[in-house]
Amino acid sequence: MKKVLAYVVLVLAMIGLVACGDSNSGYTADYEVLSIDELRAADQVEVTFKIQFGDIIQQEINRMAEAFMEEYPNVKITVNIMSGSYDDMKKQTIEDINSGDAPTMTVGYADHFAEYLISNAIVPLDGFINDPNVGYTSEELEDFLPGFIAEGRQFDKKGSYFSIPFNKSTEALYYNKDFFDEFNLKVPETWDELDSTCAQIMDIVKDIQDGQYSWLGDIQNNIEIGEFVPMLYDSNGNLFTTSIHQWGGEYTSSIYKSNGVVDVQKGQLKFNTDKNAKQAMTDLQNLANKGYFNLPDSLELNYGSYALNPGKALMNIGSTGGSSYYSSAICEIGVAPTLYKSADKKYVLQQGTNLCIFSQASDLEKLAAWLFIKELVTPENTAKFAMATGYMPVRQSAYDLPEYTEFLQGRSLAAKVLRATSAYTSNGWNYFVDAAWAGSATVRTECGTALSSILIDGADIQKAIDDAVGRIG
Amino acid sequence: MRSFKKIFLLIIVFLFAFVLIGCDKEKDNPKKDDVEEITELDTKYTDQLKLETSFTGKDFIKDGIGEIKLVRVIDGDTITIRSGASETVNIRFLGIDTPESTGNIQPWGKAASAFAKEKLGNAVSIVLEAEGERNDTTGRYLAWVWYKPSADADYRLFNLEEIEMAYTQYTFSSSKYEDTLKKAHNRTKTSKLGVFGQKDPNYNYSKEVVVTTLLNLQYNHDKFQTGTKFSVTVRLARTVGNNMFLEDAEEVTIEQANGEYITGKGGFYAFSGYAVAYYREYLIGDVFTVTCQLEWEGQYGTQLTGLASPSRVDSTLSGEPEIPTLDANDLESGADLKPYLGHVIHLTNLTCDSIRESENNGTKYYTVTCVNNSGKKFDVYFSNSIITRWRVQDIIEVGKTYEVIGGVAFYEYANGQYQISMGDAPRYNNGVLNEDDLPRVNDVKEMI
């Protein structure tokens with residue numbers, strides 16, 4: 001009897017382990033990696049690729065899809081263009097998942113993937129990555145910029161790959177180059193240098209007449225009406241997280257379940273009790289109080305470019321994807337890496353989407369999608385994509401391709417931006433990754449709102465942070 | 001022994017429960033929603049939904065709801081209106097995002113725009129209702145658009161009707177109408193019609209790029225479907241921020257529809273919008289090849305859009321653009337500039353009559369209205385913040401006479417609907433000219 005019972009227990013335990021393998025040992029690739037021969041031998045395989053991009057990126061994706069379909073004539077890549085924002089696309093995708101109509105692959109942010117993972121709707125890509133025939137060699141895998149690839153590896157302790165980076169941008173410092181050239185000013189590299197540079201700027205501009213320099217507009221008038229701030233920062237949320245990392249603080253962290261899997265439904269706030277985070281806010285508020293620095297909202301503008309363009313600001317840190325917003329500037333626009341606090345913490349933010357594959361797809365569709373993902377991010381394609389769109393190459397080797405290095409020498413603002421941000425691949429810079437869970441985007445928004453009140457309204461720092469925590473709930 | 005058995009039985013039951021509970025959470029496939037499947041489009045939800053908020057005596061801008069006067073339909077999800085005594089403002093429809101019909105033209109974009117023109121253009125009343133954020137990042141007001149097709153009809157939610165007619169998808173934004181919009185979206189999606197999976201019969205999906213000339217596009221545009229991609233080799237005549245006036249790099253001869261041949265250079269305004277910055281990539285006179293699409297007599301007139309794949313400069317062909325000279329005293333109105341649409345011209349004898357200033361997102365824009373010697377009016381427009389570089393208030397004075405070099409552009413409210421659109425101003429650094437800008441130096445010149 002004991003033996004029988006022991007067998008029953010054993011069998012049940014095995015059933016438990018097999019059926020619930022994911023929850024006991026983290027996510028596993030519960031699909032079979034088929035061979036390329038099996039794919040070629042199949043009837044038509046359709047890969048639906050859901051995107052939310054403008055025309056230029058669509059053209060690039062179409063170009064790569066056509067090349068891929070020539071290589072695999074029985075694979076059809078159908079690009080579904082969704083409307084609205086990325087967040088809208090996530091909501092639509094969840095609808096599709098719930099109605100059993102998920103695409104084969106899509107693009108998204110890490111917090112989107114966290115939401116998809118609530119119902120295991122996307123698969124870890126490790127099965128493909130590690131496959132000797134269709135995967136990556138270790139050299140190829142290391143060729144991805146570490147911070148970019150790390151974003152998709154945060155959902156379990158063993159670092160399963162849930163996504164591959166695709167269209168990535170970051171932040172850069174745009175500045176009035178005419179002004180800096182004329183007065184032999186060094187473009188600041190650190191927040192401390194910004195303080196002294198702004199002091200110099202305020203000293204210089206007080207003696208300039210309206211219209212004396214065509215690239216400075218009506219400077220005295222702008223100062224008089226309170227519409228001149230030397231330095232702006234486009235995104236309050238980006239500034240909040242970046243400054244905390246640069247000041248050595250902690251923003252948020254993931255919560256791990258006992259099985260090593262991240263709890264994708266909640267995370268842990270750290271910034272509210274972190275003294276370095278508070279110091280970052282204090283230092284930024286001091287710069288704002290001196291009139292050196294603020295957010296565009298302080299001038300009732302949505303973007304810093306709207307102030308830099310007519311000479312109401314001389315510097316702005318904004319997305320590298322937004323360079324065309326400076327095309328009507330009254331000055332020559334220069335581009336430099338973003339600021340940092342200390343050389344040992346040169347953290348810079350990454351933005352943009354990653355590629356993932358949905359579990360509802362068949363194994364053949366998954367394989368075709370994986371091969372297409374590989375095509376989208378070959379060194380050559382990621383470089384071409386960058387040159388056409390202004391996004392950054394996601395592979396190290398792409399930065400050394402002759403076509404790309406030649407492009408960087410161009411006169412266009414897009415070339416200048418990519419040239420400046422090439423610095424982030426070395427020189428001690430690191431792309432940081434924040435913990436993602438369903439709802440982490442709300443934390444970021446509320447923290448941004450807190451920072452707005454700290455910088456624009458001079459709010460008490462701890463109270464603003466506590467209020468943000470209260471709103472987050 | 002009996003208690004031992006009981007313990008084992010309990011363990012087994014516990015393990016079963018564990019397996020079932022554990023698996024249920026991780027492995028269950030999502031339930032398929034009950035969605036009515038359709039094969040033909042209808043307006044089931046639009047017919048049912050009623051406007052329930054009172055708007056009597058209210059103003060949309062001030063109160064968040066109110067009847068408005070439609071000024072124009074820009075595209076499928078954007079209109080220009082006048083609310084009460086306010087100046088004209090642009091409205092972006094909430095909850096939807098129709099394909100583009102201007103700029104980068106997309107399948108179904110033109111159809112969505114035509115649908116909006118038909119329904120809203122013929123409505124006897126339009127009421128706008130705000131919800132949540134009042135403006136988008138470009139300053140446009142956001143609204144639900146209720147329209148009354150006839151005097152005795154109920155108001156209909158146009159945003160919803162566009163979803164049901166498959167001109168747009170629902171953007172799944174939070175709203176008091178969210179439930180209805182979601183149901184409409186999911187139901188319309190099953191039809192696989194319109195934007196939900198049907199090919200736009202009036203759009204050219206071909207990836208083929210037609211190598212042609214600007215002159216051919218001017219005279220033979222009817223031969224090409226919306227969406228056709230062209231490759232043209234052009235000379236930069238002037239830049240307007242990120243946008244450009246382009247002309248054929250060389251004189252060409254083309255056959256017109258009537259069989260007659262014409263020789264010359266075509267010219268177009270090329271709208272780059274917020275695409276990757278071409279800004280400063282090219283200098284005036286540079287020749288290069290670029291792919292583009294054509295927008296013929298659209299909201300912003302005739303222009304090249306969707307610019308992509310710009311080539312390197314062909315230095316063997318580069319050189320000054322050809323700029324014809326016209327005397328405003330020989331012209332009757334801006335309408336006489338029409339033959340030069342898209343070309344950069346040199347126009348003389350313009351006496352400044354008035355300067356009108358406007359501002360958007362911190363950037364100033366000026367329209368200088370000029371007259372010729374018989375009082376006929378012509379508009380000269382300074383867009384973007386180029387004006388700050390020009391400092392137009394310093395270089396143009398009311399009562400003085402000027403000659404200008406600028407591109408001819410369509411603007412429906414300009415005198416004669418065509419105006420001179422000034423290019424970027426020359427840059428000066430403490431009085432010293434940036435040598436790249438030498439060709440622009442005489443773009444505005446007083447006539448003594």
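These legends go with several close-up views of a predicted model.

Local features are described where pLDDT is at least 70 and side-chain atom pairs count only at pLDDT 80 or more, while totals for chains, interfaces and linings use all residues. Residues are numbered from 1 along each chain as its sequence is written, and chains are lettered from A and ligands numbered from 1 in the order in which they are written.

**View 1. Two domains of chain A.** Chain A is assigned domain 1 (25-168 + 352-408) and domain 2 (170-350 + 413-472); such bounds come from an automatic or database domain assignment. The centres of domain 1 and domain 2 of chain A, taken over C-alpha atoms, are 31 Å apart. Where they touch, domain 1 of chain A brings 29 residues and domain 2 of chain A brings 31 residues. Here, contact means that the C-beta atoms of two residues, placed from the backbone, lie within 7 Å.

**View 2. The side of domain 1 of chain A that touches domain 2 of chain A.** Look for α6 (110-117), α9 (146-150) and α18 (402-408) of chain A, which each supply at least two residues of this side. Helices are DSSP runs of H or I with at least four residues, strands are runs of E with at least two, and both are numbered from the N terminus. The largest share, five residues, comes from α6(A).

**View 3. The largest nonpolar core.** A nonpolar core is a set of buried Ala, Val, Leu, Ile, Met, Phe, Trp, Tyr and Cys residues joined through C-beta atoms within 7 Å. A residue is buried if 20 or more other C-beta atoms lie within 10 Å of its own, exposed if 12 or fewer, and partly exposed in between, with C-beta atoms placed from the backbone. Of the 193 residues in this core, A:Ile122 and A:Ile357 touch the most other members. Helix α16 (residues 363-376) of chain A gives the core its largest share, eight residues.

**View 4. Around A:Ile357.** Leaving out residues up to four places away in sequence, the residues that A:Ile357 touches include A:Thr104, A:Ile122, A:Lys366 and A:Trp370.

**View 5. A:Asn221 in chain A.** This residue, A:Asn221, sits in helix α12 (residues 219-224) of chain A. A:Asn221 counts as exposed because 12 other C-beta atoms lie within 10 Å. A:Asn221 and A:Ala121 are 100 residues apart in sequence, and their C-alpha atoms are 57 Å apart in space.

**View 6. Chain B.** Chain B has nine helices and 23 strands. Of its 448 residues, 42% are buried.
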